[in-house]
Amino acid sequence: MATSSVRLDDLSEVPHCDLLKLDIQGAELSVIENATRHLANAVMVITETSFVTLYENQPVMGTVDLALRAHGFVPHCFAGATCWPILTEVRVPKIDPHQVLEADLVYVRDFTKPMADEQWKQLAMLAHHVCASYDLAMLAVEMLSKSGAAPSDAPVTYAKMLERR
């Protein structure tokens with residue numbers, strides 16, 4: 001049975017996205033290459049990326065990284081990683097595997113470059129609630145405060161909220 005696919009940018013049901021989560025068994029690069037419109041406004045991409053090829057024609061982490069960087073994203077943190085043991089003839093019981101196989105990697109809009117206030121707002125919310133990256137959320141709150149899109153005391157208020165956690 002043949003399956004067809006549609007470019008993310010061609011889906012009228014998805015007019016906009018702030019966060020794009022990709023875990024599609026090695027086809028992440030294809031989505032990235034065909035989501036130019038969506039990626040132009042998005043502030044976060046979480047993608048499964050492989051360090052060791054598992055699927056035919058699967059791009060490795062470096063290729064996916066370059067594609068996301070070309071869209072204005074930088075790696076921010078790991079949301080999880082999978083390590084497998086290296087298979088050897090002699091088995092050693094009870095050792096932790098160290099060969100990194102794949103990881104869920106969080107990319108964010110390059111925060112060293114200008115962003116619209118709405119993007120800073122979305123980045124603040126996503127950084128805080130999705131990946132518990134409070135330093136990135138604080139940067140976004142500070143940028144919003146400096147632009148006048150948030151009260152001038154917003155960074156101090158946010159810091160106090162974090163202290164109560």
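1. Helices (H or I, at least four residues) and strands (E, at least two) are taken as DSSP runs, numbered from the N terminus. On that basis the protein has 6 helices and 4 strands, which follow one another from the N terminus as β-α-α-β-α-β-β-α-α-α.

2. This is a predicted model, in which local features need pLDDT of at least 70 and side-chain atom pairs count only at pLDDT 80 or more, whereas totals for chains, interfaces and linings use all residues. Residues are numbered from 1 along each chain as its sequence is written, and side-chain values use heavy atoms, with hydrogens and water left out.

3. The 4 strands form an open sheet with mixed pairing, in the order β1-β2-β4-β3, where two strands pair if DSSP finds at least two bridges between them. β1 (19-22) and β3 (73-84) stand at the edges with a single partner strand each, so one side of each is left without a neighbour in the sheet.

4. β3 and β4 (residues 99-109) run antiparallel and are joined by 10 bridges; Gly-80 stands opposite Asp-104 in β4.

5. Thr-47, in strand β2 (residues 44-50), is buried, with a relative accessible area of 0%; buried means under 20% relative accessible area, exposed over 50% and partly exposed in between (1.4 Å probe, protein chains only). Not counting residues up to four places away in sequence, Thr-47 touches several residues, including Leu-22, Val-64 and Asp-104, a contact being heavy atoms within 4.5 Å.

6. Of the 165 residues of the protein, 36% count as buried.
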